[in-house]
Amino acid sequence: MLTAIELACERGERLLFKNLGFELGHGEALLVRGGNGRGKTSLLRILCGLSVPATGVVRWRGEPINKTHEQYGREMAYIGHANGIKDDLTPMENLRIAAALDGRVLDDATAMAALEQVGLSRCVDLPARVLSFGQRRRVALAGLMTAGALLWILDEPLTGLDVEGVAMVEQMVRDHIVAGGLAIITTHQPLALDGLTPKILSVGD
Amino acid sequence: MLKFLFTVIRRDVLLAARRRGDWLTAQFFFVMVVSLFPLGIGPEPGMLRTIGPGVVWVAALLASLLSMERLFADDYRDGTLEQMLLSPYPNSLLTLGKAIAHWIINGIPLLLIAPVLGIQFNLPAEALWILVLSLAIGTPILSLLGSIGAALTLGLRGGGALITLLILPLYVPALIFGAGAVEGVLSGTGSEAHLSLLGAFLMMSLLLAPWVSAMALKVSVE
């Protein structure tokens with residue numbers, strides 16, 4: 001499904017990594033490991049198509065991702081360091097607009113169910129501005145759930161979450177993988193994916 | 001495709017409605033700058049009538065630039081810009097939508113205020129109509145070209161000053177034909193030629209600006 005071939009990444013004249021490659025199929029997860037500044041985020045941005053690698057190519061269903069912008073955009077969901085949440089909108093509006101921008105139809109019941117699942121049922125009508133950092137992260141995760149994407153690319157999804165939240169993300173990822181989805185995750189915290197054996201990729205050693 | 005465009009526009013207009021303070025700043029700026037000229041130059045009807053069209057147009061350019069810096073910057077900061085770039089639609093549609101939303105939020109109010117300000121300059125009714133018409137054709141150009149500058153300077157420190165330097169030269173044709181149309185009415189030579197050229201300039205910006213802006217955005221986000 002997703003193939004990365006001989007990727008190299010440069011940041012400010014410095015080579016972060018080279019000859020990096022992997023293959024990921026249905027029902028597989030990839031944990032990206034590496035210390036600070038080793039290029040984990042750069043790798044994830046290359047994989048989702050926001051940056052262009054110095055060399056190499058990323059393929060989705062056999063096609064380079066810059067050639068299949070439309071299909072890849074539909075099947076891939078990305079959560080970066082920033083949550084992608086508008087502070088002036090309520091969680092509900094955020095989900096609805098994100099869905100509309102992706103060309104999906106999202107009914108209120110589904111959005112509500114997702115927000116309940118991430119534990120935000122009491123905050124649906126509040127502007128995201130008044131939510132805490134962790135709660136905003138949960139809005140982004142609710143968006144991920146409603147996106148129905150096949151490939152998840154998550155950059156430090158556990159940042160700012162409490163113990164319960166971490167368990168929730170672990171459960172989400174497990175369900176997604178078991179249902180045949182793909183996930184690429186970076187994290188500094190231990191991520192317990194019981195019953196699954198994720199592939200491990202070390203960056204910049 | 002068209003639905004995506006409308007969603008982008010609706011989203012930006014909704015966000016502007018939630019932050020009315022930001023939105024009003026540019027309009028007040030426009031009113032203040034234009035009103036300062038009659039006060040500073042003195043109440044001489046002939047002189048005011050001569051400079052009127054130019055002053056209103058220059059103030060419109062500056063007011064448009066004032067709000068331009070934040071066209072992409074807010075979305076960039078909270079990560080929504082990345083999400084929109086990853087949506088399954090062409091990025092030029094996103095920049096086009098943002099430019100149209102900028103025009104609806106900042107351009108249309110200028111059109112409504114301009115005739116009132118024109119009266120301060122002793123402009124006759126006919127010239128006021130042409131002023132509004134020239135701004136109606138011209139302000140979308142300002143939003144479209146400005147989006148290129150906003151995309152190029154995204155994430156740079158002091159981006160606001162840089163946009164001004166980059167984009168003001170591009171605004172010059174719009175200023176010349178826009179103010180020229182009103183002066184044409186005043187001097188009796190007619191405004192059709194100027195308005196046609198302004199219209200041609202609008203078509204050209206409509207075709208090229210979203211595309212250039214999308215390319216610049218990709219480079220800036222990386």
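**Conventions.** I number residues from 1 along each chain as its sequence is written, and chains are lettered from A and ligands numbered from 1 in the order in which they are written. Because the model is predicted, local features need pLDDT of at least 70 and side-chain atom pairs count only at pLDDT 80 or more, while totals for chains, interfaces and linings use all residues.

**Entry 1: chain A overall.** I looked up the secondary structure and found six helices and nine strands in chain A. Helices (H or I, at least four residues) and strands (E, at least two) are DSSP runs, numbered from the N terminus. The radius of gyration of chain A is 17 Å, close to the 17 Å from the globule rule for 205 residues, so chain A is as compact as a globular protein of that length. That radius is taken over C-alpha atoms, and the rule is 2.2 Å times the number of residues to the power 0.38. The C-alpha trace of chain A spans about 50 × 35 × 35 Å along its principal axes.

I then looked at burial, and 44% of the 205 residues of chain A count as buried. A residue is buried if 20 or more other C-beta atoms lie within 10 Å of its own, exposed if 12 or fewer, and partly exposed in between, with C-beta atoms placed from the backbone. Among contacts in chain A between residues at least 6 apart in sequence, 68% join residues at least 24 apart. Two residues are in contact if their C-beta atoms, placed from the backbone, lie within 7 Å.

**Entry 2: the sheet of chain A.** I traced an open sheet of five strands in chain A, with the order 6-7-8-3-9 and parallel pairing. Its edge strands are strand 6 (76-79) and strand 9 (199-202) of chain A, each of which pairs on one side only. Two strands pair if DSSP finds at least two bridges between them. The twist averages 15° from one strand to the next. Axes here are lines fitted to C-alpha atoms, for helices over the stretch in contact, and angles run from 0 to 180 degrees between N-to-C directions.

Strand 6 and strand 7 (residues 151-155) of chain A pair in the parallel sense over four bridges. A:Tyr78 stands opposite A:Ile153 in strand 7 of chain A. Helix 6 (residues 163-178) of chain A packs on the sheet and touches strand 3 (29-33), strand 7 and strand 8 (182-186) of chain A. The direction of helix 6 makes about 150° with that of strand 8 of chain A.

**Entry 3: positive phi in chain A.** Most residues other than glycine have a negative phi. I noted A:Asn19, where phi is near 55°. A:Asn19 sits in strand 2 (residues 14-24) of chain A and is exposed, with 10 other C-beta atoms within 10 Å. A:Arg61, also not a glycine, has a positive phi of about 55°. A:Arg61 lies in the loop between strand 4 (55-60) and strand 5 (63-64) of chain A, and it counts as partly exposed with 13 C-beta neighbours inside 10 Å.

**Entry 4: A:Ser42.** I placed A:Ser42 in helix 1 (residues 40-48) of chain A. A:Ser42 has 22 C-beta neighbours inside 10 Å and so counts as buried. Not counting residues up to four places away in sequence, A:Ser42 touches A:Cys9, A:Arg11, A:Leu16 and A:Ser51. From A:Ser42 to A:Ala111 I read 31 Å, C-alpha to C-alpha, for a sequence separation of 69 residues.

**Entry 5: chain B.** Chain B has nine helices and zero strands. The radius of gyration of chain B is 18 Å, close to the 17 Å that the globule rule gives for 222 residues, so chain B is as compact as a globular protein of that length. The C-alpha trace of chain B spans about 55 × 35 × 30 Å along its principal axes. Of the 222 residues of chain B, 48% count as buried. Residues 24 or more positions apart account for 80% of the contacts in chain B with a separation of 6 or more.

I checked the span of helix 3 (residues 45-68) of chain B: at 1.5 Å a residue its 24 residues should span 34 Å, and its end C-alpha atoms are 34 Å apart, which agrees. The expected span is 1.5 Å times one less than the number of residues. Helix 3 of chain B bends by about 45° at B:Ile51, and the proline B:Pro53 follows within four residues. The bend at a residue is the angle between axes fitted to the seven residues ending there and the seven starting there.

**Entry 6: where the chains meet.** I found 23 residues of chain A in contact with 18 residues of chain B. Helix 2 (69-75) and helix 3 (91-101) of chain A each supply at least two residues of the side of chain A that touches chain B. Helix 3 of chain A gives the largest share of that side, four residues.
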